[in-house]
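Here is a short note to read beside the model. Please keep the sequence open as you go.

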Amino acid sequence: MDFNVPSAIGPQIPNVVTQPTPSSNSKINWNDYNFPPCIHIVHFSLAELQGPVKRFVLCIYLSFLIIIGVLIINLLSTIIQVSKYTKGINMFFTFLSNFLFYLDIVIFIPVSAFTAYSGYCGACRRPPESGTILRYKICQGVVCILWLVFSIIRGGCFNGWTRITLLKREKESAANFCIFLTVLESLGYTFSLILGLIGIIKVSDVSEEPLESEFPMPAKI
C-alpha cells in the first residue's frame, strides 16, 4: 500500500527579502557628542561617511584645520614682530594697545568651526535641509571674503602677501623668518579660500548623494 508522506509539516515559508526602509538621518548618531576632543559639543565622524559625501566633508574639515594653523602662525608672527620693534615697558604697552588684534584667534576659530559644521550637517542630513545648506553657503561666503582680505592686507596683525615687500626692505636676520611665516600665513588663507569656494559649489549636489549607511543591509528570513 502506498502512503503519501508530506515533505513538510505546515505551510511552506518562502524566502523573503526584507526591503530596506530609508532613515531620516541615516545611521549617523547625531546625539553622540564627540567633537571637539575633550569638550564634546557636537557630533562629527568621518568614519560614518563614504564616497562623495566623505570627500566633501574632508574638504571643509581640512579648510577648518588650515585656519587653526594659520591663526597660530599669525599670533607667533605678530609676537615676533612686536618684540622686534619695541623694547622693555614699551613692548608691554604695544601688546596691550593691540589686544583686540590678538582676539582673532578667539573669534575666527569658532566662526570657522560653525561654518564647517553647518556644511557637515548640510551634506549629511537626510532628507536634505535647505535651511542648513543655505546657512552654510552664507557663512562660507562671508569667511571666504575674510580669508581673501586677510591673505592680501598687511594692517594690524594681519600678514598678507603685501607685507612681504615691506619685510624684504629690512636686512636683519629676523626679517627672513618673518617672511617665511608671512608666506605660510598667506598660503593658508589662500588654500582655505579655495576649499571654501569648492564647498559652496558642491554642497547642494553632495546633499543629494546617498550615504553608505543610509539603508540597512537586506536580510533573508
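The points below cover the basis of the model, its cores, its cysteines and one serine.

1. Basis. This is a predicted model: local features need pLDDT of at least 70, side-chain atom pairs count only at pLDDT 80 or more, and totals for chains, interfaces and linings use all residues. Residues are numbered from 1 along each chain as its sequence is written, and side-chain values use heavy atoms, with hydrogens and water left out.

2. Main core. A nonpolar core is a set of buried Ala, Val, Leu, Ile, Met, Phe, Trp, Tyr and Cys residues joined through side-chain atoms within 4.5 Å. Buried means under 20% relative accessible area, exposed over 50%, partly exposed in between (1.4 Å probe, protein chains only). The largest such core has 19 residues. Ile28, Val53 and Phe56 are among those with the most contacts inside it. Helices H1 (51-85), H3 (104-124), H4 (130-150) and H6 (173-206) each give two or more residues to this core. Helices are DSSP runs (H or I, at least four residues), numbered from the N terminus.

3. Second core. A separate core of eleven residues includes Ile67, Leu71, Phe150 and Tyr189.

4. Cysteines. The structure holds zero disulfides (cysteine sulfur pairs within 2.5 Å). Cys38 is exposed, with a relative accessible area of 77%. Cys139 is buried, at 18%.

5. Ser207. This residue lies in the segment after H6. Is Ser207 buried or exposed? Ser207 is buried, because its relative accessible area is 1%. Beyond four places in sequence, Ser207 contacts (heavy atoms within 4.5 Å) Gly122, Ala123, Arg126, Pro128 and Ile133. A polar atom of the Ser207 side chain lies 2.6 Å from the backbone oxygen of Ser204.

Technical notes. Polar contact = N/O pair within 3.5 Å; in protein donor to acceptor, adjacent residues only side chain to side chain.
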